[in-house]
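Welcome! Have a look at the model below, and then we will walk through one part of it together.

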Amino acid sequence: MLATSSAYKITWEKLPDDFQLPDDPVDNIHQPALAAALTESLDQAGKLPESALTPTNYGICATVNGKMVVKAPDWAYIPQIRVERPEVIRSYTPNLQGDRPVLVLEFLSDTDGGEYSIKSTYPPGKYFYYEQILQVPNYGIFDPKTGELELYCLGNQQRYDLKSPNLEGRFWIPEMGLYLGVWQGCRENLESYWLRWWDEQDNLLLWGTEKVEQERQRADAERQRADSERSRADRLAAQLRAAGLEINE
């Protein structure tokens, strides 16, 4: 598949088997946990179709002017792949192997700030690559230290526009039918800022541990109600016996 512009030619080709992928370490231990939390709540809520892909630090490819370009966002959502899973274990090429990502997230790094790079020459910067090459409709940049989330959406001119959140501080992702926002709290013994999902009814999509705790609280409440009913019944029976009334157990 081919796309052209006055500045560059884009083809969608599978990553060659001998292509040397970068093996850059993540900046801190929080980044994998952030990515895992995003995927887990989608799965727990039944909003992660079997054909979807939610890669983390995983190569998304395009060939620009004859040169292979690979960027590995911290997290992405691809609605549908159209090949078998073994074919996308190492990398993914949009249009060739399935849909383009509808959301890409970068967690602000402690190094060079490449998340904002608009460099168009080879190798292109991340911002330029997501906007002009992949044309990802939603690009988020999140700072885990401050809890600040910026969301850029493709406008009519195929340029990213910085969006404003709603009154709750969340961003609507129409392709997913969900809001994305920031939540502060504890997960896996890590007190920090997290990216979370909310549905159209403003319901928070829960993690597995939260669902277990919710079910435990529900069971406790049911036991308390049952105990209260038994207690009331026992008091009534005692009152009836005190009044000399026969009770058929």
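Let us begin with a pair of strands. Strand S11 (residues 171-173) runs antiparallel to strand S12 (residues 178-187), and three bridges join them. Please keep in mind that this is a predicted model. Along this pairing, Ile-173 has Leu-178 in S12 as its bridge partner, while Trp-172 stands opposite Tyr-179 in S12. The hairpin of S11 and S12 has four residues between the strands, and Gly-177 there takes a positive phi near 65°.

The hairpin of S12 and S13 has two residues between the strands, and Glu-188 takes a positive phi near 50°.

| Hairpin | Residues between the strands | Residue with positive phi | Phi |
|---|---|---|---|
| S11 and S12 | four residues | Gly-177 | near 65° |
| S12 and S13 | two residues | Glu-188 | near 50° |

Put together, the strands form an open sheet of three, in the order S11-S12-S13, with antiparallel pairing. S11 and S13 stand at the edges with a single partner strand each, so one side of each is left without a neighbour in the sheet. On average, neighbouring strands of this sheet are turned by 40° against each other, direction ignored. In a regular strand, side chains alternate between the two faces of the sheet.

Now for a helix. Which strands does helix H1 lie across? Helix H1 (residues 30-44) lies across S12 and S13, and runs at about 35° to S13. The length of H1 can be checked too: at 1.5 Å a residue, its 15 residues should span 21 Å, and the end C-alpha atoms are 21 Å apart, which agrees.

Notes. Residues are numbered from 1 along each chain as its sequence is written. This is a predicted model: local features need pLDDT of at least 70, side-chain atom pairs count only at pLDDT 80 or more; totals for chains, interfaces and linings use all residues. Side-chain values use heavy atoms; hydrogens and water are left out. Two strands pair if DSSP finds at least two bridges between them. Axes are lines fitted to C-alpha atoms, for helices over the stretch in contact, and angles run from 0 to 180 degrees between N-to-C directions. Contact means heavy atoms within 4.5 Å. The expected span of a helix is 1.5 Å times one less than its number of residues.
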